[in-house]
Amino acid sequence: MIVKERNPPRILQQIRALKSRIPSHHPQFTEISRNETRRSSGFKGEESLDYFFTDLATEKDYFIFHDLRLSLNNTFFQMDTLIMTRCFLLIIEVKNMAGTLYFDPVFKQLIRTLNGREEGFFDPIAQVERQKMQLTRWMNLHQLPPIPIEFMVVISNPSTIIRTEPGNSAVPQRVAHIHQVPERIKTIRSTYSEEKMTLAEQKRISHYLIKYHTPSDINILKMYQITEADLIAGVHCPSCRAIPMQRTNGTWHCPSCGCKSKNAHVQALHDYFLLICPAITNEEFRKWTYLKSSKTAYELLQKMNLPVSGNNRRRLYHQPIGFDK
């Protein structure tokens, strides 16, 4: 069963929100667009893996966690997918890369050839092997029962060619095309047939993984050296993406395409939480959405059932827990 769903990473949500709120002529726009493309491709690759977990997700013995980020010794490590059974754990690292991939066993490097151009990357086998070491230490730190941990690198693009030196057994053992995943998991299951923990212990570990999962929290404006004044305020049209929409008679109206919406402000508030601050006042909400009436702003904020602190003018409406998963 799927214990933790896969959702767009917060950093990807932040980049998308930022791209939609700076002008195309901004000095950082090209870099932001490039980063969005790269991260979107990576997330798309992870999503494509989920199809091959369809049958696995219905089996009660398989606990599946997507995008786990855990703390260890004041640093964090992240796993694309973790599968837990009572016999073993399996870490899966997904790479969505086109072209020809050559795993260099001498220099522990991945070399990608695409359109006649070579490009070097950190060896993903070494990357996921390190995740195994970190997960082992994390489990020991929390006094959780020891269990064998396996790992795998999955290439999500079916047309990608995988190569290495003859005799380099690590690559065929640890690297697989996405369609091979179910069969690889069956092989691992046949290798580790002895149960290492009870169902109660499996649920306990599951509880700890969810409890200690820590989503990434990056100051995206600082990352790109952008100020709040650079951002385009207002409510985006859900149809044509024009900005700003205008609120009249209880409805948002788009002056560009004529689209009408009752709740277009929800995405605007989502952008504010991602880009500026995880809490907002009535006044800040009015400035961000170009609302003139504090009463209207109050009513819209109240309807969203946000966590609230403070009173009157000092009242803060907070980003709800798990709003970005």
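**Entry 1: the lining of the largest pocket**

I looked up which elements line the largest pocket of this predicted model, and I found that helix H1 (10-19), helix H2 (29-50), strands E2 (63-72), E3 (75-84), E4 (89-95), E6 (109-114) and E7 (117-122), and helix H3 (124-141) each give at least two residues. Helices (H or I, at least four residues) and strands (E, at least two) are DSSP runs, numbered from the N terminus. A pocket is, on a 1 Å grid over the protein atoms alone, an open set of points where a 1.4 Å probe fits, with protein on both sides within 12 Å along at least five of seven lines, and lining residues have an atom within 4 Å of a point. H2 supplies the largest share of the lining, six residues. I noted a space of about 1,200 Å³, and that of the 40 lining residues Arg 38, Arg 39, Gly 42, Glu 46 and Lys 95 are the closest to the centre.

**Entry 2: a salt bridge**

I then looked up salt bridges (a side-chain nitrogen of Lys or Arg within 4 Å of a carboxyl oxygen of Asp or Glu), and the structure holds 15. In one of them the side chains of Asp 217 and Arg 10 meet at 3.9 Å, N to O. This pair links distant parts of the chain, 207 residues apart, with Asp 217 in the loop between helix H6 (199-212) and helix H7 (220-223) and Arg 10 in helix H1.

**Entry 3: how I read the model**

Residues are numbered from 1 along each chain as its sequence is written. Local features need pLDDT of at least 70 and side-chain atom pairs count only at pLDDT 80 or more, whereas totals for chains, interfaces and linings use all residues, and side-chain values use heavy atoms, with hydrogens and water left out.

Terms used
Grid points are joined across faces, edges and corners, and a volume is the space filled by probe spheres set on the points.
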